[in-house]
Amino acid sequence: MTDAQQFAASFAEIHPPLGRREALVEANRCLYCFDAPCANACPTHIDVPGFIKKIASGNLGGSAMTILNANILGLSCARVCPVEVLCEGACVMHRYNQQPIEIGRLQRHAMDHFYGTGRRLPAAAASKPGRVACIGAGPASLSCAAALRQQGFAVTIFDSRPLAGGLNTYGVAEYKLRPADSQREVELVRSLGVEFRLSAEIGGALRIQELEEQFDIVFLGVGLGRTQPLDIPGEGLPGVIDALRFIAEYKTRGGAPVGRRVVVVGGGNTAIDAATAALRLGAEEAHLLYRRSETEMPAFEFEYDLAKREGVQFHWLTQPVAIHGNTAVESVECVRMELGPPDRRGRRQPRQVPGSNFRLSCDMLIPSIGQSRLLDFLAQFRNMQLSGGCVVVDPATGQTGNPRYFAGGDCANGGREVVDAAAEGKRAAAGIARRLEALHG
Amino acid sequence: MADLTTHFAGIQSPNPFWLASGPPSNCGDQVQRAFDAGWGGAVWKTIGEPIVNVSSRYSSVDWNGLRMMGLNNIELITDRPIETNLREIAEVKKRYPKHAVIASLMVESRRAAWHEIVRRTEDAGADGLELNFGCPHGMSERGMGSAVGQVPEYAKLITEWVKEIARTPVLVKLTPNVADIRAIARAAKAGGADGLSAINTLNSITGVDLDTFTPRPDVGGQSSHGGYCGPAVKPIALHMVQQLAGDPECGLPVSGIGGISGWREAAEFLLLGCHSLQVCTAVMHYGYRIVEDMIEGLSNWMDEKGFRTLDDFRGLSLARVTEWKHLDLNYKIVARIHPELCIGCGLCYIACWDGAHQCIHIEGAATPEQLIAESRTRLAQTPAVVAVDTAHTPAARIPKVDEQECVGCNLCWLVCPVESCIAMDPVDTGRPAESWAQRGAP
């Protein structure tokens, strides 16, 4: 087996595609609810029963259009959405025969058909006055840009990285979404007439002032910053790599060096992605440290289940305080935690148990305690209000305190799912279109 | 354990389940295997001068992923020599003396031809004869099958010819492709028939291939209308059987045919007066083995209801069928939704709005369009702290019936996927029973 084959086998899709007959049987199982809870639970409000019935009738082209009309990122959402807490979580079948319709896989079936036939969406002429810049080429910007371009507005997307797609390209676990699939979605948006300027750092070569001169409206879909540092001694040692860098590296290179004993710090979905990826890349053991207990862990239950199945070892109420090693990481020193009274948000605050220090040997340490806020970057824009490091927007329109600026996705919502970014991008597009039409009459 | 022994027009069988004349009763080996599986009788695939068939011969109507809700065929009568069929009938009767073997017959409309086939068939040992006056395709173009069964005089005449020499009971199989099936039944009775079999298949084209544009079944780019049967035709068959069993002028026992695929349908045909039951499509779909559940299910149902024999409940529902003008206009039922069973699918709501009388409501929405519009503008987000309650239907999704406006049409109850969630409860209108006939037309 070549390295590429080995990599592909290790990261085989956890939700494989439905066959044609499987899809038909599953589609026919759908009750075709009215005012369907699945569609209401979807942030982009895809008409789920509508697209499923079109699969059942053999109208796969129409099914794909129903999806894409509501969510241009139908391909990636079908693969990465936490459907258990969204559409499938809302499915009435839970109360019928306990088996929700496999909406995510059916959506993928329609999307695979669409991309497989090489169909394109109708491209509108850029006939309307007003130019829009979308900063960041992740899901929020792609969704916003596509919707505006389809309405006839000229849109340019800027991103500092060489490939568009944001976390869809660089940050989603490989067994959920592959960069090549993320790029197919990018190409669909490009085919609508959206212009991409990649490897372009805003605030660097292109100053804010120039941006504002060239564009009437700016949409910020910049996401969040780097993984937050642990701020403990030894973090600079070789063998310490933050989760997002680790994931981006193995995805873009088709593999990455990995330790024998890997310790991941953090209890979110990204921490799980990093731990399971480490095992797939050949680590003998993957340990996950979380400073609270199992009940407080923010990762989705199905992600936690996956990690348990794959053999990730969980260490609850454990916080790293120092990383030790001579030339590279050799161990991590931890302290036991206990939970104090609940804070204002109802979460019990962890505090260290004095004298409980112990060491866990490891040769790779992956911090994954959330992404930092882009405070310095966002401070460059006038009249933009921030709250907790996120851009404050009108949820209905995505408009910021500065009426020329709109925002959506992680930089506004603090870090949610691809489908949330898609929905916010779409809503912002509607807000921007209204603003441009008001400006240009 | 209920006794399923069947006595029909002088023919006995251990149970009422017979193979209908068709592909499953084409030869002796098949019939013997069917008897081993539990079938009580078989009507042999129609015997006559051997024909030549085409391919293909069958096509079906599928529905929502289910296969063969309805089946259509353009196959003709047997393609095997008369003497082969008769020899095999004799063999089967020798091995299975207690099972009913009925020979379905169709020959050209000459007295001598009918006399000859009747004599030979009875000599082979058949327990009875079924005259095929129903086949709607192919044979009718040659003056046989439904060409006979659609003209009362012809049906009477040929029945008379057969009765002139027949020593075994004579059944006439009726075509549904007529304006009033009772006219042919009365003619058969006038000709001396001992019983009826109903219904034969319905004229049909099941569909058109959307790539080749050829209707199905495709015979080299052409098609021809065929005979429709299977689950889809049961309601039509039940109606015709009720017409026959409820017709005092006819008064002949009936063997029920048409969409019987399980014990429930069997019980329905018996309740509407049938004496035996014939099955073809369900066997073509699943094989002879289906009879096990038919026998067991019917027997268990009879035990549950306290019926010892088929006579105990035969025709019990006939008196419940009347003309519309005699129905009570003052009887009223209303839909009641049991919220604890409602799964919140909204199907009753939209069915009532778009297909009935707009009396089921979702709180806060004046129309379905308004409901959808509000749902589409409501912001949804991936929940941050995950506790999705999948066990309970949100109260706002449970529709409410306006009982004053409800006309008791049953539509909501029919579309509801959950058993017993919607009940159609009688309400007292305070008015005495009164029919249209009693009220007197203005």
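**Basis.** This is a predicted model, in which local features need pLDDT of at least 70, side-chain atom pairs count only at pLDDT 80 or more, and totals for chains, interfaces and linings use all residues. Residues are numbered from 1 along each chain as its sequence is written, while chains are lettered from A and ligands numbered from 1 in the order in which they are written.

**Domains of chain A.** Chain A is split into domain 1 (11-116), domain 2 (131-225 + 372-440) and domain 3 (243-367). Such bounds come from an automatic or database domain assignment. Between domain 2 and domain 3 of chain A, the C-alpha centres are 31 Å apart. Five residues of domain 2 of chain A and eight residues of domain 3 of chain A form the contact. Two residues are in contact if their C-beta atoms, placed from the backbone, lie within 7 Å. On the domain 2 side of chain A, the touching residues are three nonpolar, one polar and one charged. Here Ala, Val, Leu, Ile, Met, Phe, Trp, Tyr, Cys and Pro count as nonpolar, Asp, Glu, Lys and Arg as charged, and the others, Gly among them, as polar.

**Where the chains meet.** In the contact between the chains, 28 residues of chain A touch 28 residues of chain B. Helix H2 (20-29), helix H3 (37-41) and helix H18 (418-440) of chain A each supply at least two residues of chain A's side. Helices (H or I, at least four residues) and strands (E, at least two) are DSSP runs, numbered from the N terminus. That side of chain A has 17 nonpolar, five polar and six charged residues.

Two strands pair if DSSP finds at least two bridges between them.

| Strand | Partner strand | Bridges |
|---|---|---|
| S1 (residues 131-135) of chain A | S2(A) | five bridges |
| S2(A) | S3 (residues 195-197) of chain A | three bridges |
| S5 (residues 261-265) of chain A | S6 (residues 285-289) of chain A | five bridges |
| S8 (residues 128-132) of chain B | S9 (residues 170-173) of chain B | four bridges |

Strand S2 (residues 154-158) of chain A is mostly covered, with four of its five residues buried. A residue is buried if 20 or more other C-beta atoms lie within 10 Å of its own, exposed if 12 or fewer, and partly exposed in between; C-beta atoms are placed from the backbone. Phe158(A) stands opposite Ile135(A). In S3(A), the bridge partner of Phe158(A) is Arg197(A). S1(A), helix H9 (residues 139-150) of chain A and S2(A) build a right-handed β-α-β unit. Right-handed means that, with the strands pointing away from the viewer, the path from the first strand over the helix to the second runs clockwise.

A parallel open sheet of four strands in chain A has the order S7-S6-S5-S12. Strand S7 (313-315) and strand S12 (364-367) of chain A stand at the edges with a single partner strand each, so one side of each has no neighbour in the sheet. The average twist from one strand to the next is 20°. Arg261(A) has Glu285(A) as its bridge partner in S6(A). Helix H14 (residues 269-280) of chain A packs on the sheet and touches S5, S6 and S12 of chain A. The direction of helix H14 of chain A makes about 165° with that of S6(A). Axes are lines fitted to C-alpha atoms, for helices over the stretch in contact, and angles run from 0 to 180 degrees between N-to-C directions.

**A loop residue.** Thr227(A) sits in the loop between strand S4 (217-220) and helix H13 (243-253) of chain A. Thr227(A) counts as buried because it has 24 C-beta neighbours inside 10 Å. Beyond four places in sequence, the contacts of Thr227(A) include Asp242(A), Pro367(A) and Gln371(A).

**Chain B.** Chain B has 14 helices and 18 strands. Its C-alpha atoms fill a box of roughly 80 × 55 × 50 Å along the principal axes. Of its 442 residues, 44% count as buried. Chain B is assigned domain 1 (6-320) and domain 2 (324-373 + 390-439). The C-alpha centres of these two domains of chain B are 40 Å apart.

Eight strands of chain B close into a parallel barrel in the order S3-S4-S7-S8-S9-S10-S13-S14.
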